[in-house]
Each structure stands twice: as structure tokens, then as C-alpha cells.
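Please walk through the strands, helices, pocket and salt bridges of the model shown here. The paragraphs below take them in turn.

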Amino acid sequence: MDARVSLTQASNGEDNILCQGKSLYSRYAPSASALKAASKAILQENCIYIIPSPLLGYGIFSFISRMPSTSIVIGIETDQDLMAVTAGHQQEILKQETRYQSYRIESSGQLYELFRRVQKGHYRHCTLLPLNGGYSLNKIRYDALFSTVQHFMKNYWQNRLTMARMGPLWIKNLIDNFGFLGQMDIKEFHTEKPVLLTGAGESLEKTIPLIKEYRDSLYLLCVDTALQALVRNDIIPDGVVNLEAQFYNLKDFYTLQNRSIDIFSDITAYPPTLRQKECNHYIFSSSFEETALHKRLRSAELLPSEIPPLGSVGVAALYLAGEITNSKVFITGLDFSYREGKTHACETPFHDWCRLKEGRLKGDVWYSFSKSRPSYPSLGKVKGFVTNSILESYGRQLEDLSTTMENRVFDLAEMGLKMSIPSINGEEFRCMIKSEYREIHGENSSNQEDKRSRLSKFRESEKKRLKDLISLWDDIINRNKKEEEILPLIFECDYLYFHFPDRNQLPNTDPAFLFRVIREARDLLRRLS
């Protein structure tokens, strides 16, 4: 066992943990301080309590005995040595307490997988509950992980509100993009080059000369709205992140003109954006809801790799950048603030739209539009920039995500929201760049053929399920069947109604509900045919 961590005994006979000679509990009464911290915790209904570095478990039973029955406790350990020494104690707690879970977490991806498994619409709050000195050993990392969970929680409930409007479109896009489930998965792409990620903020303009200078030494990844600005400056990126479900970002791809680049697309992205024939497509899923359709796709090993629904394409792009390389990640154009009169970099599609709208009577549309948006002065790298609550929230989310990426994210932008991400200048950037790299992507053709075969069978099974549902409905209309007989099939097709505002009371045999479900079923069946 690594000598830096060891199990010892306190003067009162209780077990204790030493890390590099430092006691992580009281040397005299290890359990006393943990019990005291547990007794002071504020109790909340429907809450996820996160214990950073639970170690020997002192205080956990005491807290759970007081905790509301609707809440849950999760222990998270980031230190492998501490986990190895305390694993036996954690197993004993898990055997005795069903409302406690314990995990070793290394990345935000693992954290999201944990959140996705735990959050089933029950929990509305999350609270950090430090019980010992293990938390202070890696406080910055634990705070970032907890803040990330808070963002997941916020996004989860925001998505639930958004589903009433966007839910039908997400499902329709997923159905329309079924054919692309046979494309390569995002996890099959890897580059050993450092990644430069560009957003569409004004700071992108200042970085253009540096990008050109070191273009061949980088994997250049951009968000969809930054693609046109790069191409018009004679820079063809290596990859673009495609997230938008609506048609608005289709114009971002106009400048590609059959150029071959990597497109990393959410499987619910606007279907025409996935039909760039000359490009290499890699797909992923930012699951907005755990419907029966998603479960069947996952069971059939057809659902792409899942990432958190992060809301902002810039934050999602940083998450993906961390997945496709183990090297450094540089960012620019992810400003999350703007100069009044200039919300995006020049040559972006929004810049084009403003120029087209300008006229003798309308004046400077760009400036008037930016002034019409609610904003307040931002704490930025330079003065004179503004932001709003949504942009600032995304900026803080980006900040927390970068903290979980093992100190390999660096900010090249000279302007924008001030964040805790290390800022570097051009000279520091030049010193960090590595010129040698190797790319690994793709899978063998036999695996691809197998996936296409499974996809074809899955499509047919979903068509049959919808046809059976509609046929059973016709029998009910003709009084050959009773309404109750349709409920099992409706349960299997919950994606038809998950976005209904009254979803908590569904499904049922109310005629109004059944009419709505069958209408959705007929529409999706047409898309599958």
C-alpha cells in the first residue's frame, strides 16, 4: 500500500486515517467531529447530500437517521489511495444502509453517469456535506465537482420545463436521424494533438493570427456558430460541434462547400446538418429524458455515448474536447459577455444577418439588438463588456468543468468574462504547443455492418410497436377492445407523451389523452416509414 496513506488508531481506540502524516480525523476522538458536523447539517426534502471523501464513514449513520426519507446520501472519493484504504469500511456501510451510495469519481463524465442513474425526477436540491479532513486535501476539485452537480440539477429541471415546447421536436429529429445511428460514435475518435476550441465571441478575432501560425500543430475544434468566421479567414477547422435541434444553425454550414471535416453531432440535431456528405460524422447523445425509446436503444447498443445536457454548445464543446484528447485544451471566443453593439465575432452568421437588416431607417441593427437585450456590466478581463444571468451561468459552468479536467484547460482570449481558468498569452501558448501527434479514429467495417444490421431491425421493431398501438386504437374506436387494453403499449411508447404538460397524471384512459397520443404515433410512424 502506498505509504502516503495509512490506517491507524486514535488514543480512544477508534480507527483513524493518516495522509502524508496528517490526521484526517481528530487524533483523540475521530468520530466526534464528524458526528458534530452531521448534527449541524440543514435537512431538506428531495435532496442529494454529497459527502466528499467519506473515508471511514463516521457521522453517516447519524445523519441518515435524521435525514428526510425523500433524500439520499452519496459519498464521492477522488483519491485512489484513500479509496483503497477505506473501501472495506464503505462496503460495511453500504450493506447496512440502502439510502447511501459510494463512488470513486475521476471525471465529470463519471459524475454525469452517476447523476443520470440517481436522478429520476425525485430530487430538487443538492448539498455538500464535509465530515472530515479528506475534503480539505482536494477542496478545489471537490468544490468544482459539487458545482457541476448543481449545474446538472439546474439543467435537468430547466429541460423539464423546455420539454413541453421542444420535446416533440427532439423526438422527431431522433426518429429522422435513425439512419445516422450507424455512424461512428464520439468515443471512437481520439487525437493526440492539443485541441484549440473556438467559440463565436469577439475574442476569436484577436486569436485568428495565432491560429494561422500554429494551425498544423493543433486539432482545431469550433462550435457551429464560429465555423463561418473561421472559413472566411481561410482557416478550415478540423471539427465542428453540432447541437442545435432547430433550423437556425443550418446557415452555419453554408461555407463548408463539400469540404471534408469532422462533425460531432447530437443525435437530435437538425437533420439536414447531418447530411454533409463529404464530412466524417461522429455522434453522441445529450439525453433530455430517459424514455422507453432511449432504454431500448441503449439495450440494443445503438444509443450513442451520452454526455450531460449542458445547455450551451460552448460548454458541451469543452466537454467533448476533454473526451477526444488527453493533451492540453486551449479556448478562445467563449466570452459569455460582449461589448454593447457587438454580440458575436465579425463574419459569423449573426453578423451577416445584422448587415442585411441595416438601412437608412433601421440604422445599426447589431447595436440596437444588443441594447434591447437585458444585461448588466460583467466582471471581465477588460472594461466595457456586459453579460446576463444566462450567459454568466454558462460561464461559471465552463469554469467548473475546466476544473475537473486535471488542469489542462487554458484560456487564450484577451476579453470576455473573467474566469478561474488559467489565462495565457501568445508566447506562453507557443511554448506549450507540441508538433508531434497521432490520430486514432474509426472502427472496422465488420463492426459498422453489424451496427447497421441491428439498426435496421430496431427500426422495424419500433414501426411495428407504433402500428400495433394504432391498430389497437382502431379496435377501441370500433368497440372491439376496451380502453384499458391499450395502456401496456402506451407505457412502451412513453416518448409520445413525455412532453405533455399533464405528464404526472399520465398515461390514463381519458379520451382526450388517447387522441393526443395516437396523433403523435401516426406522425412518428410516417417519419419511420
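Two strands are taken to pair if DSSP finds at least two bridges between them. Helices (H or I, at least four residues) and strands (E, at least two) are DSSP runs numbered from the N terminus. The model is predicted, so local features need pLDDT of at least 70 and side-chain atom pairs count only at pLDDT 80 or more, while totals for chains, interfaces and linings use all residues. Residues are numbered from 1 along each chain as its sequence is written, and side-chain values use heavy atoms, with hydrogens and water left out.

An open sheet of 3 strands runs in the order S1-S2-S3 with antiparallel pairing. Its edge strands, S1 (5-9) and S3 (22-23), each pair on one side only. S1 is joined to S2 (residues 15-19) by 5 antiparallel bridges, and threonine 8 has asparagine 16 as its bridge partner in S2. Helix H3 (residues 80-96) packs on this sheet and touches S1 and S2, contact meaning heavy atoms within 4.5 Å. The direction of H3 makes about 40 degrees with that of S1; axes are lines fitted to C-alpha atoms, for helices over the stretch in contact, and angles run from 0 to 180 degrees between N-to-C directions.

Another open sheet has 8 strands in the order S8-S14-S13-S12-S11-S10-S15-S19, with parallel pairing. Strands S8 (184-185) and S19 (409-411) stand at the edges with a single partner strand each, so one side of each lacks a neighbour in the sheet. S8 is joined to S14 (residues 280-284) by 2 parallel bridges, and aspartate 185 has isoleucine 283 as its bridge partner in S14. Helix H10 (residues 313-324) packs on the sheet, touching strands that include S10, S11 and S12, and its direction makes about 155 degrees with that of S11.

The second largest pocket has a volume of about 550 Å³. On a 1 Å grid over the protein atoms alone, a pocket is an open set of points where a 1.4 Å probe fits, with protein on both sides within 12 Å along at least five of seven lines, and lining residues have an atom within 4 Å of a point. Of its 24 lining residues, the closest to the centre are Lys120, Tyr156, Glu289, Glu290 and Arg503. Helix H6 gives the most to this lining, with 4 residues.

The structure holds 28 salt bridges, each a side-chain nitrogen of Lys or Arg within 4 Å of a carboxyl oxygen of Asp or Glu. One of them joins aspartate 523 and lysine 172 at 3.5 Å, N to O. Aspartate 523 lies in helix H17 (residues 511-528) and lysine 172 in helix H6, 351 residues apart.

Terms used
Points joined across faces, edges and corners; volume = space filled by probe spheres on them.
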